[in-house]
Each structure stands twice: as C-alpha cells, then as structure tokens.
Amino acid sequence: MTTTQNNNAPATGTGTATAAKTLAPTAWLIDLVLLGALWGASFLFMRIGAAEFGALPTAAVRVAIAALFLLPIALLRGQGPSLAKHWKASLLVGVFNSGMPFALFCFALLTINTGLAAVLNATTPMFGALVAWAWFRERPANWRLVGLLIGFAGVAMLASRSAGLHAGASSNAALFAVLACLGACLCYGISASATRAYLGGVPALTTATGSQIGATAFLALPAILLWPAQMPSLRAWLALLALGIACTGVAYILFFRLIERAGPARALTVTFLVPVFALFYGAVFLGENITQWMLICALVIVCGVALSTGIVKPGWPRKAPA
C-alpha cells in the first residue's frame, strides 16, 4: 500500500535532495508520523467495513471515494492532460496498486486481526525488491538477500501459530488470510515496478488519481454483484468514508509531500510505523489481543525489511582494491 509511488521519486531530481537538506527535520517527521497514523487506521476501517459490506464492496467503495476526492484536486492543479495521456498505464497500475491488494486485505481481515494484517503488510518492500530483481535484473547485495530471508522467516514464524485470529476462526482460514495478505504485498511490489517502467517522470498526483480510477473500474462489477442484501449501518459507511478520504486520498498526498521533503529512502520508513499504529488502534477500539509472539515476529520482520531495503546497512568489512 505504500511502495508504488516511491519510484516516482527520481522525477523530482535534485529538487528533492535540496528540499530534504534545507527543510527542518521536524517538518518531515510530522508528515511521517501522520502518514503512519493514517495508514495504520486503514486496517481498522477496513475491518469495520468488511464485516458489513463484504471484502470486494469495501475495497470498491474505498477506491471510488478516493478517486472522487483526488480527481478534482488533480484537475485544479492542471494535470488533466497528464491523466489523459497516461490513462492506460495508470489504470493498469491501479489494479495492482489498489484494486487487488485492498480486496485481499479486506478478505483477510474477516479472519485475522488488524495488527497481524499490518505486520504482514510490512513485507511490502521485500516483495518490491524481489519483483525489481525479476523485472529489471537488479540483484540485491548479499546482505540484502540475508534481509529477505530474515523477513520471510518472520512471516513463517507468524503463520505457524494461531496468534491474532478472530474468535472461532479455523487454522485453515488463518492460512488463507495470511496468503491473501502476502498476495496483496506482492501486488504492491508488481505495481512499484510497473510504475517505474511505464510511468517514470509522471507527476505523482496523476499516478495516484489515475490508479484510483482504474481500481474503481476494476472492482465496480464484482462489488455490484456481491453488494450486501441488507443496508450496512451508518458506522460502516462512516468507516469507508474515512477510509477513502483520509486513509487513501489525504494519505497519498501526504506521502508524495514526504518524498519531496525528505526523499524516498526516509519516506519508506513509514512501513515501520504502520504496524505500531494498527496494533494500537486494534487494541483500543476493537479489543484485539496483542500477544508476545506477534511482537517477536513483528520485530524479526522489521529487521528483515530494514536490511532488504537498504535502510539499515551492516558495517561489514570490505576488501581493499588491489
């Protein structure tokens, strides 16, 4: 949910680096924390919405609201011609960036807790590295490969126990829920490489708006066919409204501003904040249980992500050139 637009960062050129150097650290740190809080809350709202709407309708309403929110902003900023020029690539990216992963996470949240889903979402940068390796033949350094192994070991540890399940959920349902979360993260990785390949240099707001429109078109028919027979409650509608506007529309704008202010590497660290906020929201508002095993696995996954993405680089000694 967080990595697709990272690849637009090169388009900002030296301006991003200059902004990151001249801006006070507290400015982009505030954006970072706000973004982590918004994306952490998305799991809470998805669970509330999916319980009454179902997985596909929840995802469809989310992206439709986000598209309606972002489109006027894009047009007011004069990006209508850019949307028209790149509509095919934007729609395709939207399927993998929003349509499929949002639906998969909503499906998973019918079985597992919000904190567990958010911890699994933290593997997104690892999938992005794997897809980039396959797509662009960019083989990661050896220590980044170690990070990939550590991260996926953490996922295996998390999936090996029934921690973070809803009451009455079976182990088979839990397995499918975990696979759905990992499938969503793989979609994010594919969309990141697709954005880099087909939308390089395109304004970030254009990509975000076009992708939400594409996701809406992708999910519209399945959502209509699976629309709940009983009208969902006002609580569920308000959750989807917050999900579409705050956790998608506003969050994307905030994310792009963070890239401009602090650079893509620092923006990527929001991946570590999202599970923290999601665990907190789930415990406070939904009464979800946070087990010690979940926290241990989350720490292992975060360490793996930090290594595999290059955010943390081990100080291994290197041989001096001959």
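Predicted model: local features only at pLDDT ≥ 70, side-chain atom pairs only at ≥ 80, totals over all residues.
How much space lies in the largest cavity? About 30 Å³, and we'll get to the residues around that space below. The protein has 14 helices and zero strands, and of its 322 residues, 52% count as buried.

**The overall picture**

- Helix 3 covers residues 55-76, which makes 22 residues. At 1.5 Å a residue it should span 32 Å, and its end C-alpha atoms are 33 Å apart, so the two values agree.
- Just after helix 3 comes G78, with a positive phi of about 75°.
- Helix 8 takes in residues 142-159, 18 residues in total. From its first C-alpha to its last it reaches 26 Å, close to the 26 Å expected at 1.5 Å a residue.
- Several residues of helix 8 are buried, including W143, L145, L148, V155 and L158. The glycines G147, G151 and G154 are also on the buried list for helix 8.

**The nonpolar cores**

- The largest nonpolar core has 79 residues. Which of them touch the most other members? They are L35, F43, F105, I112, L120 and L158.
- Helix 11 (residues 234-262) gives the most to this core, with 13 residues.
- A second, separate core has five residues, among them V93, A194, L199 and V202.
- Leaving out residues up to four places away in sequence, L120 touches I112, V155, L158, V178, C181, L182 and C185.

**Around the largest cavity**

- How many cavities of 30 Å³ or more does a search of the whole structure find? The search turns up one.
- The lining of the largest cavity is made by N113, T114, G115, A278, L279, G282, E288, N289, I290 and M294.
- Helix 13 provides the largest share of that lining, with three residues.
- Helix 6 (114-121) and helix 13 each supply at least two of the lining residues.

**Y281, in helix 13**

- Y281 sits in helix 13, which runs over residues 270-285.
- Is Y281 buried or exposed? Y281 counts as buried because its relative accessibility is 15%, and the cut-off for buried is under 20%.
- Y281 and A37 are 244 residues apart along the chain, yet their C-alpha atoms are separated by 9.3 Å.
- A polar atom of the Y281 side chain lies 3.3 Å from the backbone oxygen of A37.
- Besides A37, Y281 touches G40, A41, L44 and L286, not counting residues up to four places away in sequence.

- T248 has its place in helix 11, and it counts as buried at 1% relative accessibility.
- The T248 side chain reaches the backbone oxygen of L243 at 2.8 Å.
- Setting aside residues up to four places away in sequence, T248 touches R62, A66, Q212 and L243.
- I259 is in helix 11 too, and it is buried, with a relative accessible area of 5%.
- I259 and W28 are 231 residues apart in sequence, but 9.0 Å apart in space from C-alpha to C-alpha.

**F96, in helix 5**

- F96 is found in helix 5 (residues 87-108).
- Why does F96 count as partly exposed? Its relative accessibility is 25%, and partly exposed residues fall between the under 20% of buried and the over 50% of exposed.
- F96 and L186 are 90 residues apart in sequence and 8.8 Å apart in space, C-alpha to C-alpha.
- Not counting residues up to four places away in sequence, F96 touches P101, C187, Y188, I190 and S191.

Conventions: Residues numbered from 1 in each chain as written. Heavy atoms only, no water. Helix = DSSP H or I, 4+ residues; strand = E, 2+ residues; numbered from the N terminus. Buried < 20%, exposed > 50% of the residue type's maximum accessible area, 1.4 Å probe, protein only. Contact = heavy atoms within 4.5 Å. Polar contact = N/O pair within 3.5 Å; in protein donor to acceptor, adjacent residues only side chain to side chain. Expected span 1.5 Å × (residues − 1). Core = buried A, V, L, I, M, F, W, Y, C linked by side-chain atoms within 4.5 Å. 1 Å grid on protein atoms, 1.4 Å probe; cavity = no way out; pocket = protein on both sides within 12 Å on 5 of 7 lines; lining within 4 Å. Points joined across faces, edges and corners; volume = space filled by probe spheres on them.
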